Amino acid sequence: MPGLAAAADPITPAIPAAATDQVVVLDYGGQYSQLIARRVRECGVFSELLPHHVGAAEVAKRHPKGVILSGGPASVYADGAPRLERELLDLGVPVLGICYGMQLLALELGGRVEGAEVGEFGRSQLTVSEQGRLLAGTPHEQTCWMSHRDTVFSPPIGFTALASSTASPVAAFESVERGIYGIQFHPEVVHTPYGQQVLTTFLSDVCGCDRSWSARSVIEEQVERIRAQVGDGTAICGLSGGVDSSVAALLVHRAIGDRLTCVFVDHGLMRKNEGEQVIAAFRDHFHVPLVAVDASNRFLARLRGVTDPEEKRKRIGAEFIRVFEEEAGRLEDVRFLVQGTLYSDVIESGGGTGTATIKSHHNVGGLPQDLEFDLVEPLRSLFKDEVRAVGAELGLPERLVWRQPFPGPGLAIRIVGGEATRERLDVLREADAILQDEIRKAGLYRELWQSFCVLPDIRTVGVQGDSRTYGNVIVIRAVTSDDAMTADWARLPYDLLEQIASRMINEIRPVGRVVLDITSKPPGTIEWE
Ligand code: XMP
């Protein structure tokens, strides 16, 4: 379900221990901590991101083959700055400290860490004096990405300094005997060209990880896990047409077959052909038992006369739950509810480092938490791009795998300042279809976080042929973003915009004017309501 916040706790292991080699990334609050975990996975090793304060015993439960200490915003000398728990060094597995993580290791083990006169932020030149084990195979001079003020001036006794940069006398060190490694630069960002190689060396050569984690192994593991959880019970899943609920449903279907029933509620606020595509994929292609409810009349009736956006959201949300519960009530003995909760939801609902940005969950289109079901959440351990990879591996059509996010209340919140009537929804739906079509043809669909149209409740004057027109305005909204927390308006090519505008006016009678929204977030939000 879109945006449904699950009762997620960040400490429960996301995957059964020992199913595959894994590495724990301890989060000291750095802006790139999630990215480290993702890069490790891209190397084929499962990784979990845990708050730094969970304790060595909690880390040990995972049986990790290595531990990575992330960067963080604090100075190691600041009051209340997170400290290194010494027991982490006694787990018997290699430890790699990155940025703040390296400084913690240096400080704890007797090296010299000090605040430098000048900070080092952005691209920097790394000079490798000795490749050692960690920097093996990387060149003497290389570019790297730095983001720090404190710096290591001398490594702890028994450690070898491997590299330096202008502002970092010791930019990398290691003690192979003790299995402790540190790098001041950020291997996880693309601006460090040898970063992925350094991570791979750590994972493969230092930790001895078997790099077998992949979309395929996720499917095998999750299918087993779901079978163990559900036993011979039955489950229900609300399909929204989005990639998360689609992939969650397919995984569960692969595990328990027809004991899963999917419910697709068409609230009449979908985009053009969206309902048909979901039905075709699930019922006709994957043969998943599917209840498709055309509830558009009910929803439109509930929206009659409503212009306030929050009221629209509330009514749609409440109606959605009513329809879903009615359908669930028709099925016998359903004990499990499948949800597409992602790893980022798990982290964001309780990372507990005090620095992570907390996403505001939009619960409209979701289900309340007190429904009497046990939750099955097969995507709890996955990042969005991994969910797409699993979806592709399961054979989900490209259109569903790569679908841009779409709000639970659908087109209703894109009819701004006015009531969402069937006529207006039809105009907006047609405009949206033209926009998507042209954006896809231009090869830009995947580059954009979202691209959609807004229909404000105003009319403007125009002239077509020799007559005056008084028609609708369509707003084009297209943004790039990583996570919807911030967004930049997309610089769509002028020729493409012209083609879109001309098609909208020629093909949709009521449309008389097309405008482009050039507001980023902040100060705007992505949606207009
Ligand atoms: P805003 O407009 O707040 O949107 O910048 C951020 C992201 O959330 C989506 N969105 C919603 N999703 N129900 C949802 O499921 C909602 O009520 C809702 N409102 C906004 C929006 O499309 C964007 O991806």
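## A parallel sheet

Two strands are said to pair if DSSP finds at least two bridges between them. In this predicted model, strand β10 (residues 234-239) and strand β11 (residues 260-266) pair in the parallel sense, with five bridges joining them, and A235 stands opposite L260 in β11.

These strands belong to an open sheet of five, ordered β12-β11-β10-β13-β14, in which the pairing is parallel. Because β12 (290-294) and β14 (374-376) stand at the edges with a single partner strand each, one side of each is left without a neighbour in the sheet. From one strand to the next the twist averages 30°. Helix α6 (residues 243-256) packs on the sheet, where it touches β10, β11, β13 (334-338) and β14, and its direction makes about 160° with that of β10.

## Aromatic pairs

Across the whole structure, a search finds seven aromatic pairs. In one of them, the rings of F46 and W213 have centres 5.5 Å apart and planes at 45°, so the pair is tilted. Since F46 lies in strand β2 (residues 46-51) and W213 in the loop between α4 (195-206) and α5 (215-230), the pair ties together parts that are 167 residues apart in sequence. F46 is buried, with a relative accessible area of 0%, and W213 is buried at 7%.

Another pair joins Y181 and F202, whose ring centres are 6.1 Å apart and whose planes meet at 70°, so this pair is edge-to-face. Y181 belongs to strand β9 (residues 180-183) and F202 to helix α4, so parts 21 residues apart in sequence are tied together.

## Charges over rings

The charged end of R38 sits over the ring of F383, at 5.9 Å from its centre, while R414 lies over the face of F452, 3.7 Å from the ring centre.

Notes
Residues numbered from 1 in each chain as written. Predicted model: local features only at pLDDT ≥ 70, side-chain atom pairs only at ≥ 80, totals over all residues. Heavy atoms only, no water. Helix = DSSP H or I, 4+ residues; strand = E, 2+ residues; numbered from the N terminus. Axes fitted to C-alpha atoms, helices over the stretch in contact; angles between N-to-C directions. Contact = heavy atoms within 4.5 Å. Phe/Tyr/Trp six-rings, centres within 6.5 Å; stacked < 30°, edge-to-face > 60°. Buried < 20%, exposed > 50% of the residue type's maximum accessible area, 1.4 Å probe, protein only. Lys NZ or Arg CZ within 6 Å of the ring centre and 35° of its normal.
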